[in-house]
Amino acid sequence: MSLLPVAEAQARLLAPATPLPVENVSLIDAAGRWAAEDVIARRTQPAADLSMMDGYAIRFADMPGPWTVIGESRAGAGLEARVGEGEAVRIFTGAPVPEGVDTILVQEEATRDGDLLALSGEGPPGSGSSIRPRGSDFVEGARLLAKGDWLTPGRIAAAAVGGYGALSVRRKPRIALISTGDELVSPGEPAEGVMLPASNGVMLQALIGAAAEVQDAGIVPDRLDALVEAFRMADADIIVTTGGASVGDHDLVRPALAEAGAALDFWRIAMRPGKPLLAGKLGNAIVLGLPGNPVSAFVTARLFLLPLIAHLGGARNAIPQTERVRLAASLPAVGNRDDYVRATLSNGRVAPLPNQDSGALSTLARADSLIVRPAGAPPASVDEIVDILRLA
């Protein structure tokens with residue numbers, strides 16, 4: 001089986017995957033998911049002309065004063081009376097602007113003696129100064145969010161102000177996470193001799209965060225019967241394995257999937273790190289077999305698992321987008337696989353980190369980006385433009 005290009009593998013993974021059913025959840029529960037429908041404003045914001053400053057509401061035509069203060073307007077409790085010629089209203093930030101006035105005289109430029117108000121500074125530059133007009137943010141009926149938008153904190157806030165207490169989103173994917181390897185021990189347990197603390201499970205759960213519901217099946221030994229049982233017990237939309245997907249005598253994920261009844265779609269990707277990635281179906285579940293080396297597992301999860309979660313969640317753009325920056329250090333030519341180089345960004349430039357071994361977690365811990373270099377690319381020199389994927 002030849003190596004599959006990354007973009008083709010991503011397309012084949014996502015194409016048959018149908019977004020999950022829609023549910024209506026609270027704004028807090030919707031955060032970090034994707035809007036299942038357009039979000040249309042149910043109200044106008046602001047609902048009235050509002051003061052942007054503490055001061056006095058006046059008619060600009062009455063400049064430079066003086067004025068007689070006839071009342072007060074504060075947030076949530078405006079003045080009902082109409083303001084006439086030579087009159088002013090004490091007003092606070094966020095308060096509705098009374099009828100008849102068109103300008104705010106900020107309090108730093110005003111002097112008050114009882115009800116008599118006088119100008120003590122330059123005053124407002126023109127009519128409308130320091131007033132936030134009604135509907136200047138959005139009006140009722142405007143589209144606040146589009147179907148497929150990622151629900152960031154700012155978008156959650158916009159929905160709340162737009163009149164929503166809940167939003168329609170796709171159900172979170174259920175993920176069964178299976179770590180394979182006789183050499184693994186649980187994090188925190190003694191790792192004597194050649195034993196190794198299992199890092200992939202906790203790393204992937206941290207990477208997924210709240211975007212999915214993860215059931216960690218723990219460490220499964222390198223035995224065909226144990227792996228087959230783990231696959232048959234998995235009740236999930238996505239089954240994720242780490243390790244055991246290469247060509248060694250003890251790499252049993254592929255034969256175990258075959259015995260469990262899975263259909264393999266593709267295996268081995270033209271990328272470094274991460275070549276021994278596999279994907280298929282087991283019943284209604286999508287199977288994604290990640291490499292066992294932690295860096296390989298991380299990179300393939302960024303490029304395949306997270307886009308799959310986003311696609312099932314209804315994201316409009318599930319594939320991560322690159323951006324272009326200048327190199328801070330040179331890079332060698334690339335072989336026959338796309339290269340994902342751990343790097344750091346500083347002052348608009350990206351620098352590759354030393355020790356790009358696929359097991360080097362100290363390098364991954366320092367990286368905030370991946371330099372993406374296509375297969376066959378020539379050497380890259382300092383100041384050359386390259387593509388990167390941000391990790392943070």
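Two strands pair if DSSP finds at least two bridges between them. Helices (H or I, at least four residues) and strands (E, at least two) are DSSP runs, numbered from the N terminus. The structure is a predicted model, in which local features need pLDDT of at least 70, side-chain atom pairs count only at pLDDT 80 or more, and totals for chains, interfaces and linings use all residues. Residues are numbered from 1 along each chain as its sequence is written, and side-chain values use heavy atoms, with hydrogens and water left out.

## Strand β23 and its partners

Four bridges join β23 to strand β24 (residues 349-352), and these two strands run antiparallel. S346 is placed opposite R349 of β24. Together β23 and β24 make a hairpin with two residues between them. In its turn, N347 has a positive phi of about 50°. Strand β23 (residues 338-346) is also joined by two bridges to strand β19 (residues 271-272), running parallel; here M271 stands opposite D338. Pairing of β23 with strand β25 (residues 369-373) is antiparallel and covers five bridges, with R342 facing L370 across it.

## The six-strand sheet

An open sheet is formed by six strands in the order β7-β4-β6-β5-β9-β8, with mixed pairing. Its edge strands, each of which pairs on one side only, are β7 (103-106) and β8 (110-113). From one strand to the next, the twist averages 40°; the angles run from 0 to 180 degrees between N-to-C directions, and axes are lines fitted to C-alpha atoms, for helices over the stretch in contact.

Within this sheet, strand β5 (residues 67-73) pairs with strand β6 (residues 87-91) in the parallel sense over five bridges. T68 has E87 as its bridge partner in β6, and S73 stands opposite I91. With strand β9 (residues 116-119), β5 pairs in the antiparallel sense over two bridges, and W67 lies opposite L117.

| Strands | Sense | Bridges |
|---|---|---|
| β5 and β6 | parallel | five bridges |
| β5 and β9 | antiparallel | two bridges |
| β19 and β23 | parallel | two bridges |
| β23 and β24 | antiparallel | four bridges |
| β23 and β25 | antiparallel | five bridges |

The loop between β5 and β6 contains G84. This residue is partly exposed, with a relative accessible area of 23%; buried means under 20%, exposed over 50% and partly exposed in between (1.4 Å probe, protein chains only). Leaving aside neighbours within four places in sequence, G84 is in contact with R59 and D62, where contact means heavy atoms within 4.5 Å. The C-alpha atoms of G84 and A142 are separated by 35 Å, and the two residues are 58 apart along the chain.

## Helices α5 and α6

The axes of helix α5 (residues 224-233) and helix α6 (residues 253-260) come within 9 Å and cross at roughly 55°. The two helices are therefore oblique to each other: angles under 35 degrees count as roughly parallel, over 145 as roughly antiparallel, 65 to 115 as roughly perpendicular and the rest as oblique.

On the α5 side, L224, L227, V228, F231 and R232 meet V253, P255, A256, L257, E259 and A260 of α6. By class, this contact has nine nonpolar, no polar and two charged residues. Ala, Val, Leu, Ile, Met, Phe, Trp, Tyr, Cys and Pro count as nonpolar, Asp, Glu, Lys and Arg as charged, and the others, Gly among them, as polar.

Buried residues of α5 are A226, L227, V228, A230 and F231. The elements against which they pack are β13 (174-180), β16 (213-220), β17 (238-242), α6 and β20 (278-282).
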